[in-house]
Amino acid sequence: MPETRLVFGADGGGTKTLGILADRAGTELARMQLGPGNPNVAGVDGAARTLLDLIAGCCDAARKSPQDIGAAVFGLAGVGSIPVRNKLYEAVRSMIAAKSWSPMNVTIDTDARIALEGAFGGGPGVVIIAGTGSNLIGKMPDGIVGSVGGWGRVLGDEGGGYYLGLETARAVARASCSRP
């Protein structure tokens, strides 16, 4: 890959997705935030559009071209399932081709995994996420990674904002209905 190639990273969840364009040395060139990047919230095509809109917006802000990007890493909530991750990967690749952008190396992983790797520089550690959803992920010194939670709002993200808001609304409703 030529030294002039740029890198792009995005961290997306159920409510917002942050994208950052940087040079190979890691110097930030542009950042932009859009709506949900979770394919279970925005749909696979909607999440792919959000990611590519972030790339285009960051490139515009930095006066660069998407053609200059050599690699993109998307850390997203909702991609813990291999079939969902693969569908999103194919949608992103298809939309890149439809835009006639140069092919770029694309990696899609969970938001929890990129948080873990970023927080500890690839080393061992534990990260707890408590946003719209919740998850705990850890990496042992031998490289084994394990997680608890991260199942999404339908199966239960106890500790996440959606769950806490729903439980609060239920408690208020119960209290309101039980009064004479």
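At 1% relative accessibility, Cys59 counts as buried. A disulfide needs the two sulfur atoms within 2.5 Å. The structure as a whole holds zero disulfides. All of this describes a predicted model.

Now step back to the whole chain. It has six helices and eight strands. Along the sequence they follow the pattern β-β-β-α-α-β-α-β-α-β-β-β-α-α. Of the 180 residues, 34% count as buried. Take the contacts in the chain with a separation of 6 or more: residues 24 or more positions apart account for 51% of them.

Start with the sheet of five strands. This sheet is open, its pairing is mixed, and its order is β3-β2-β1-β4-β5. Which strands stand at the edges? They are β3 (28-34) and β5. Each has a single partner strand, so one side of each is left without a neighbour in the sheet. From one strand to the next, the twist averages 15°. Inside the sheet, β1 and β4 pair in the parallel sense over seven bridges. In that pairing, Phe8 stands opposite Ala72 in β4.

Helices pack against these strands. Helix α2 (residues 44-62) packs on the sheet and touches β1, β2 (17-22), β3 and β4. The direction of α2 makes about 140° with that of β3. Helix α3 (residues 82-98) lies across β4 and β5. Against β5, α3 runs at about 150°.

Ile96 is buried, with a relative accessible area of 3%. What does Ile96 touch, not counting residues up to four places away in sequence? Its contacts are Leu52, Trp101, Ser102, Met104 and Val106. Ile96 and Ala48 are 48 residues apart in sequence, and their C-alpha atoms are 9.6 Å apart in space.

Next, the aromatic rings. A pair of rings is described by the distance of the centres and the angle of the planes. Rings count as a pair if their centres lie within 6.5 Å, and as edge-to-face if their planes are over 60 degrees apart. By this rule there is one aromatic pair. Phe8 and Phe74 form it, at 6.3 Å centre to centre and with 65° between the planes, which makes the pair edge-to-face. Phe8 lies in strand β1 (residues 6-12) and Phe74 in strand β4 (residues 69-76). The pair therefore ties together parts that are 66 residues apart in sequence. Are these two residues buried or exposed? Phe8 is buried, at a relative accessible area of 3%. Phe74 is buried too, at 0%.

Turn to the sheet of three strands. This one is also open, with the order β6-β7-β8 and antiparallel pairing. Here β6 and β8 stand at the edges. Each has a single partner strand, so one side of each lacks a neighbour in the sheet. The twist averages 10° from one strand to the next. β6 and β7 pair in the antiparallel sense over six bridges. Ile129 stands opposite Asn135 in β7. Helix α4 packs on this sheet, touching β6, β7 and β8. Its direction makes about 135° with that of β6.

In α4 (residues 111-120), Asp111, Ala112 and Leu116 are buried. They cover an arc of only 135° around the axis, which puts them on the same side of α4. What covers these buried residues? The cover includes β1, β4, β5 (105-110), β6 (125-130), β7 (134-139) and β8 (145-149). β1, β4 and β5 belong to the sheet of five strands, whereas β6, β7 and β8 form the sheet of three. Just after α4, Gly121 takes a positive phi of about 55°.

Key
Residues numbered from 1 in each chain as written. Predicted model: local features only at pLDDT ≥ 70, side-chain atom pairs only at ≥ 80, totals over all residues. Heavy atoms only, no water. Phe/Tyr/Trp six-rings, centres within 6.5 Å; stacked < 30°, edge-to-face > 60°. Helix = DSSP H or I, 4+ residues; strand = E, 2+ residues; numbered from the N terminus. Buried < 20%, exposed > 50% of the residue type's maximum accessible area, 1.4 Å probe, protein only. Arc of directions from axis to C-beta. Contact = heavy atoms within 4.5 Å. Pairing = 2+ DSSP bridges. Axes fitted to C-alpha atoms, helices over the stretch in contact; angles between N-to-C directions.
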